[in-house]
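Dear colleague,

I am passing on the structure we spoke about, and below it I have written out what was found. Please keep it open beside the text as you read.

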Amino acid sequence: MEIKLLPVERLDELNNIYDMSRYENFQSTRKNNLERCKEICVVAEDEGKFVGELSMMTENANIPAAVIPNKRIYMFGLRVLPDYQRQGIGTALLRYAVTLCAQRGIFEFTIGVETKNDGARRLYERLGFSVFLENCSEVQFGEMCRFDLMMLKLR
């Protein structure tokens with residue numbers, strides 16, 4: 001298992017984890033964001049196949065508190081294929097992302113967790129995240145999404 005930055009030219013391969021074609025312009029928006037450094041994506045690769053991903057936004061207009069340029073980054077889209085879940089891959093993706101960002105001078109991390117997703121909440125708490133803002137909401141792909149914003153501060 002290898003954890004690494006996603007090569008932009010392999011973005012299409014993430015479709016085996018999450019079908020980006022379900023949403024109009026989603027894949028092209030992600031490609032543009034990656035190329036313009038508005039998004040960073042870390043992947044878990046097993047035998048040439050992506051089995052997990054964690055994406056991060058360096059800008060977020062929908063949730064202004066989630067990002068402070070060059071200080072705080074917003075993590076989203078932590079996904080691991082079902083056959084690979086509960087093997088520490090999500091934890092490895094988060095730790096790799098935190099280390100990568102800390103090397104770049106970013107020491108605050110936010111992540112949205114749906115209010116009913118107890119498994120994700122436990123994972124984030126175990127890694128040091130705590131609730132920062134409760135009862136947040138934003139429209140994602142035409143649907144209202146409700147979540148708590150959790151934060152990890154290294155300093």
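A residue is called buried when its relative accessible area is under 20% and exposed when that area is over 50%, with partly exposed used for what lies in between. Please bear in mind that this is a predicted model.

By that scale Lys-31 is partly exposed, because its relative accessible area is 39%, and Glu-35, at 46%, is partly exposed as well. The side chains of these two residues, Lys-31 and Glu-35, form a salt bridge with an N to O distance of 2.6 Å, and they stand about one helical turn apart, because four residues separate them in helix α1.

A second salt bridge joins Arg-79 to Glu-53 at 2.9 Å, N to O, and it links distant parts of the chain, since Arg-79 belongs to strand β4 and Glu-53 to strand β3, 26 residues apart. Glu-53 is buried, with a relative accessible area of 0%.

Arg-10 pairs with Glu-13, their closest N and O atoms lying 2.8 Å apart; Arg-10 counts as buried at 18% relative accessibility, whereas Glu-13, at 35%, counts as partly exposed. Both residues belong to a network of salt bridges that also takes in Lys-4 and Glu-45. The count of salt bridges comes to 10.

Technical notes
Residues are numbered from 1 along each chain as its sequence is written. This is a predicted model: local features need pLDDT of at least 70, side-chain atom pairs count only at pLDDT 80 or more; totals for chains, interfaces and linings use all residues. Side-chain values use heavy atoms; hydrogens and water are left out. A salt bridge is a side-chain nitrogen of Lys or Arg within 4 Å of a carboxyl oxygen of Asp or Glu. Buried means under 20% relative accessible area, exposed over 50%, partly exposed in between (1.4 Å probe, protein chains only). Helices (H or I, at least four residues) and strands (E, at least two) are DSSP runs, numbered from the N terminus.
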